[in-house]
Every structure is written in structure tokens, then in C-alpha cells.
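Please read the briefing below alongside the sequence and the three-dimensional view, which are shown first. The points are grouped by topic.

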Amino acid sequence: MQITGDMLIGRLAVRGSDKPLHAFNPSTGEEIAAPVFGSGTAENVTAACELAQKAFDPYRSLPLAVRAEFLERIADGIAGLGDALIQRAQEESGLPKARLEGERGRTMSQLKLFAQVVRAGQWLAATLDSPLPERKPLPRSDLRMQKIAIGPVAVFGASNFPLAFSVAGGDTAAALAAGCPVVVKAHSAHLGTSEMVGRVIQQVAKDMDLPEGVFSMIVGAGRTVGEALVAHPAIKAVGFTGSRAGGTSLMQVAARRPEPIPVYAEMSSINPVFLLPNALATRGAAIAQGFVDSLVLGAGQFCTNPGLAIGIDGAELSKFIETASAALSAKPAQTMLTSGIYAAYQQGESRLAAIEGVAPVAHGIEANGPTQACAALFVTDAKTFLAKAELEDEVFGPASTIVRCKDAQELAAVAEHFVGQLTATIQMDRDDLPAAKSLVPILERKAGRILVNGFPTGVEVSHAMVHGGPFPATSDSRVTSVGTTSIERFLRPVCYQDFPADLLPEALSDANPLDLWRRRDGEIVRG
Ligand code: NAP
């Protein structure tokens with residue numbers, strides 16, 4: 001497939017007339033000469049959003065089997081791009097081939113999983129309350145409820161997942177599954193990869209003769225096309241993964257609209273790991289190795305990267321710090337996704353090192369490339385941690401801090417102090433159960449996912465997964481951005497009162513032609 005540098009608006013390839021953009025190769029530190037990408041304008045955003053609005057009713061009204069087939073054919077189309085997609089993604093992201101192949105697999109299986117979800121129809125949440133005509137003092141109407149698509153959705157591709165959380169990633173898959181047209185704002189860190197995947201979606205939509213506008217992809221700066229997209233009246237929800245500054249800024253744009261809309265932003269998290277005493281005593285060395293491996297995975301550019309470990313001071317914790325330091329010192333520097341992310345990491349690391357009461361204890365092998373990050377480990381005490389709010393700021397990359405607590409009370413105080421997190425991890429043995437039991441209620445209030453004896457990197461795409469959490473981990477703690485229930489973000493309930501049978505939506509008709517499990521007078525029944 002030839003990459004042209006165009007945007008994809010409905011069925012057209014459109015040349016952006018604003019500032020020209022080049023893709024960037026972080027491994028060489030150089031721009032990729034051709035093609036040049038044209039940034040879009042507010043007019044391009046309007047064109048994409050108007051098409052999306054027009055496509056909304058026809059798209060959401062298609063049989064569920066057609067919607068499911070759309071998702072499956074996108075997955076097959078991505079497979080059909082073969083090695084060319086991986087090569088381009090490697091060139092633009094600096095990520096290793098094996099990682100990108102795994103990510104492509106995840107992207108495809110995510111789309112296919114959502115196809116199954118669409119067909120099964122549980123997301124409709126079909127609910128029927130029988131009328132009670134004889135009820136006194138007032139009769140009850142016939143009430144039936146189902147969920148419908150919220151409207152066209154704006155998706156901001158993530159820098160750190162060029163495939164699985166970008167053009168055809170989790171947000172897009174969930175929105176299309178819900179019945180929402182999607183307008184993607186491609187991330188400038190992987191413009192060519194975005195175009196390749198976008199063209200697959202565009203072609204599948206055309207081949208299936210789906211309403212034009214079911215998918216568009218805009219290129220350009222966040223402050224211009226990104227803001228214009230969120231502000232456009234046709235857009236009814238936003239999916240975003242990125243920085244806290246970017247996410248909160250888009251939340252403000254959405255809140256200032258005449259019709260405010262939800263922004264589902266997944267932003268920053270430092271994913272604390274609690275090292276309980278018996279676990280440290282019996283297998284501290286193995287935990288230290290696993291912790292460091294998780295920390296440096298993908299150059300630390302995961303939202304679930306373990307940026308903090310907390311333990312009770314003593315010989316076992318000192319041993320843990322020693323082993324982790326030795327493991328980290330042997331880790332090679334790795335290329336980061338963009339020069340901006342690299343610069344932010346350098347600043348973050350220097351910021352940590354400059355905090356009074358924080359000591360650097362280990363550094364990875366020195367860099368030999370332009371945007372390579374060295375892993376870094378710091379140690380502090382609970383008193384310092386509790387006093388310095390900046391220790392809770394995400395440093396996006398392979399840096400982590402170990403917090404020494406004087407006792408269990410101080411450890412609990414550190415847990416209580418946290419702002420919202422995507423994950424919290426407990427390393428425990430059987431004898432740590434009482435301590436873990438007192439920690440869990442605190443962590444439930446702080447995090448979207450609580451792990452025992454694992455490491456937070458690696459997010460399964462499944463039915464029970466929660467990739468969410470209280471602010472600032474996300475903008476809305478009630479939902480997840482990974483897993484099948486992420487579809488909930490793009491749905492809203494509608495109640496149909498006293499509808500004649502032939503006006504009812506299929507999912508709510510007495511004959512139940514979709515063969516759904518439904519809540520009928522409070523009971524879950526197939527019928
Ligand atoms: P970002 O700067 O937040 O950008 C993400 C996307 O949002 C980009 O498309 C960007 O457009 C757009 N955007 C940013 N600010 C905007 C604004 N005020 N208005 C409208 N659109 C806006 O994130 P990034 O480029 O991926 O990485 C930068 C930093 O984000 C990293 O150093 C890291 O701290 C954090 N990050 C966190 C996670 C996580 O999962 N926790 C993941 C990735 C990044 P442009 O094309 O103009 O940049």
C-alpha cells in the first residue's frame with residue numbers, strides 16, 4: 001500500500017492544506033523524508049463530522065451481523081497489510097518487531113472480540129417491565145429499555161500503542177461496535193502507520209457499502225484539529241489516551257460546548273506496588289527481578305508502568321533495593337517513541353533526582369542512540385513521599401521510586417495518600433493476609449485494577465478487565481477503556497413507554513427475534 005500523506009474523509013483521500021508534517025524516526029533521530037503529510041483545517045474537521053452525523057442513523061440501524069462483519073473485515077484487512085505495516089510502525093515508533101507483531105495480534109483479536117460482543121447483543125441491556133393496569137392508586141405503563149449508540153465519537157490515537165490504541169484500536173473498535181461513526185485524530189508520532197490502517201477501514205466500509213462517514217481520519221495539531229473535533233456539535237463522546245495536560249484540556253473544551261459531552265480520557269498513573277513483609281522475606285529477589293523487568297518493558301512507555309514500590313524498612317527491603325538496583329543496572333537503554341516523550345522523560349528523571357530526600361540508587365546502561373532512555377531507580381522515605389506531591393506525578397518512561405515506610409501504619413498512610421491509579425499491586429504471601437486485608441479497601445478506592453503477586457504491565461483484553469480508575473488516572477472512574485465493557489462509554493439508555501408492538505425495536509419485541517437474554521420483570525431470562 002502506498003502512503004500518500006492524505007487524510008481520509010468519508011470515501012475520499014483529502015490533502016490537508018495546513019502546515020506540512022513529516023513522520024519521524026526516533027531510532028535515527030531524523031525525519032522520514034517522504035511522503036509529506038498535510039495537516040487538516042477546521043473545515044476538514046467539519047466535513048468529517050457532518051458526514052459522521054449523516055451516517056449515524058443508517059449505521060446504527062444496520063443488522064448487528066453487518067456491524068460485526070465490518071469489525072471482522074477490518075481485522076482481516078490489517079492482517080492483509082502484512083510486514084509492510086510492521087516495518088512502517090517500527091520505523092515510526094522505534095518499537096521492536098516482536099512487540100509490534102504482538103500488538104497487531106491484539107488489535108485484530110480486539111476487533112474480533114467486539115464482533116462477538118455485537119452479535120451476542122448483551123450490551124443492549126434489553127429490559128422489559130410488564131404493565132400493571134390494575135395497580136392502585138395508579139396503573140403502571142408498559143416500560144421497555146435498551147441501550148443505543150451515543151452518536152459520532154472522536155478518537156485520539158495514542159502515541160504508545162501505534163496499532164492497539166490508535167486508528168483501529170480499542171476506542172475505535174468499541175465505538176464502531178456500539179453503532180457510533182468514528183472520526184480519528186491520528187497521532188503525529190505514527191502518521192504513516194495511521195494512514196495504512198485508516199485506508200483499510202475506509203476500503204472495508206466502501207466494499208460493504210456502509211454509510212459514508214462511518215469512519216474518517218484527520219491529521220494535524222491537537223490544538224487546532226483536535227480541539228475543533230471535540231468542539232464540533234456532531235461529536236457526542238471522546239476517547240483519548242495520552243498526557244494529563246492533553247486529557248484535561250480536552251475535558252475543558254468538551255465542558256465549554258453549548259452541549260457538553262463526555263470525554264473518556266486515560267491519562268496518568270504511577271501504579272504502586274506494595275511489598276508486604278513475608279513476600280519480601282521469602283522471595284524478595286524474584287520480586288525485585290520481576291519488578292525491574294516490568295519497569296523497563298517497552299522503555300517504560302506503558303500507562304501501567306510500575307512507577308513506585310512501597311515496603312516496610314529493614315534488611316529485607318534493603319536486599320530488595322540491592323537486587324533491583326543490580327538488575328536495573330544491567331538493562332540497556334531503549335529508544336523512546338518520540339523526541340518529545342524522550343525530553344519529557346529526561347526532565348521527569350531530573351525532577352525526581354532534585355527532590356530533597358530522594359536518592360538515586362541505580363541507572364541503566366548508557367544510551368547510544370538519539371532518543372534512548374536509561375532506566376533509573378530512586379529511593380525515598382514515606383515522610384518525604386507524603387510531603388512532596390510531585391512524587392506522585394507520572395514520569396513516562398523506565399523510572400521508579402522505592403518508598404521506605406517505618407511500619408505498617410505508615411505503609412497504609414502512603415496507600416491512603418495516593419490519587420487515582422489505573423492499577424495497584426500487592427506482593428504477598430499467605431502470612432501477609434491480615435495486612436493485605438486492611439490494604440484492599442483502601443486500594444479499591446484508589447485503583448481500577450488490583451493485582452496480587454503479578455506486575456501491572458500487560459493488560460488483557462477480556463470481559464472482566466478494568467483499565468480505568470479515579471482521576472487523574474482517567475476522567476471518569478465509572479468505566480474502562482480496555483475490555484468488552486468499554487463499549488458502555490459509547491451507549492446510552494432509552495426507555496420506550498407504551499409502544500405498540502410494531503413500533504418497538506427488535507431487541508424489545510415480545511417475540512425476541514434476536515434471541516437475547518433479557519431482564520423481564522427483574523429476572524434474567526432468554527425470552
Ligand atoms: P499528548 O501530548 O497528550 O497527545 C495525545 C494526543 O492528544 C495527540 O494527538 C495530541 O495532538 C493531542 N493533544 C494533546 N494536547 C491537546 C490539547 N490541548 N488539545 C487538543 N489535542 C491535544 O500525549 P503524547 O503525545 O502521547 O505523549 C506526551 C506525554 O503523554 C508523555 O510524555 C506521557 O507523559 C503522556 N502519555 C501517557 C500515557 C498513558 O497512558 N498514561 C500514554 C501516552 C502518553 P498533537 O498531535 O498536537 O500532539
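## Sheet, ligand site and loops

Strand β18 is mostly covered, with 6 of its 7 residues buried, where buried means under 20% relative accessible area, exposed means over 50% and partly exposed lies in between, calculated with a 1.4 Å probe and the protein chains only. This is a predicted model, in which local features need pLDDT of at least 70 and side-chain atom pairs count only at pLDDT 80 or more, while totals for chains, interfaces and linings use all residues. Residues are numbered from 1 along each chain as its sequence is written, and side-chain values use heavy atoms, with hydrogens and water left out. Helices (H or I, at least four residues) and strands (E, at least two) are DSSP runs, numbered from the N terminus.

- Strands of a sheet pair through backbone hydrogen bonds, either parallel or antiparallel.
- Strands β17 and β18 run parallel and are joined by 6 bridges, and the bridge partner of Leu377 in β18 is Ser400.
- Strand β18 is also joined to β13 by 5 bridges, again with the two strands running parallel, and Ile312 stands opposite Cys405 in β18.
- Strand β12 (residues 272-275) runs parallel to β19 (residues 421-427), to which 3 bridges join it, and Val273 has Thr425 as its bridge partner in β19.

**The β3-β4 hairpin**

- Strands β3 (residues 20-25) and β4 (residues 30-38) run antiparallel and are joined by 5 bridges, with Glu30 in β4 as the bridge partner of Asn25.
- The two strands β3 and β4 form a hairpin with 4 residues between them, and Gly29 in the turn has a positive phi of about 75 degrees.

**Surroundings of the ligand**

- The ligand is surrounded by 25 residues, of which the closest are Ser159, Lys185, Gly222, Ser243 and Met267; a residue is near a molecule or strand if one of its heavy atoms lies within 4 Å of it.
- Gly222 has a backbone N or O atom 2.7 Å from an oxygen atom of the ligand, a polar contact being a pair of N or O atoms within 3.5 Å, where within protein one must be able to donate a hydrogen and the other to accept it, and residues adjacent in sequence count only if both atoms are side-chain atoms.
- An N or O atom in the side chain of Ser249 is 2.9 Å from a nitrogen atom of the ligand, and a polar side-chain atom of Glu394 lies 3.2 Å from a nitrogen atom of the ligand.
- The ligand taken alone exposes 850 Å², of which the protein buries 84%; accessible areas come from the Shrake-Rupley method with a 1.4 Å probe, and for residues only the protein chains shown count as cover.

**Loops and backbone geometry**

- A cis peptide bond with omega of about 5 degrees joins Lys136 and Pro137, and Pro137 is placed in the loop between β5 (127-129) and β6 (143-149).
- Phe471 and Pro472 are likewise joined by a cis peptide bond, with omega of about 5 degrees, and Pro472 is found in the loop between β20 and β21 (491-497).
- Asp209, in the loop between α6 (191-207) and β9 (215-218), is a residue other than glycine with a positive phi, near 55 degrees, and it counts as exposed because its relative accessibility is 58%.
- Ala299, in the loop between α9 (277-296) and β13 (308-312), also has a positive phi near 55 degrees without being a glycine, but it counts as buried because its relative accessibility is 1%.
- Gln301 has its place in the loop between α9 and β13 and counts as buried because its relative accessibility is 2%.
- Not counting residues up to four places away in sequence, Gln301 touches Leu95, Asn160, Thr335, Met336, Leu337, Ile341 and Phe396.

Notes: Two strands pair if DSSP finds at least two bridges between them. Contact means heavy atoms within 4.5 Å.
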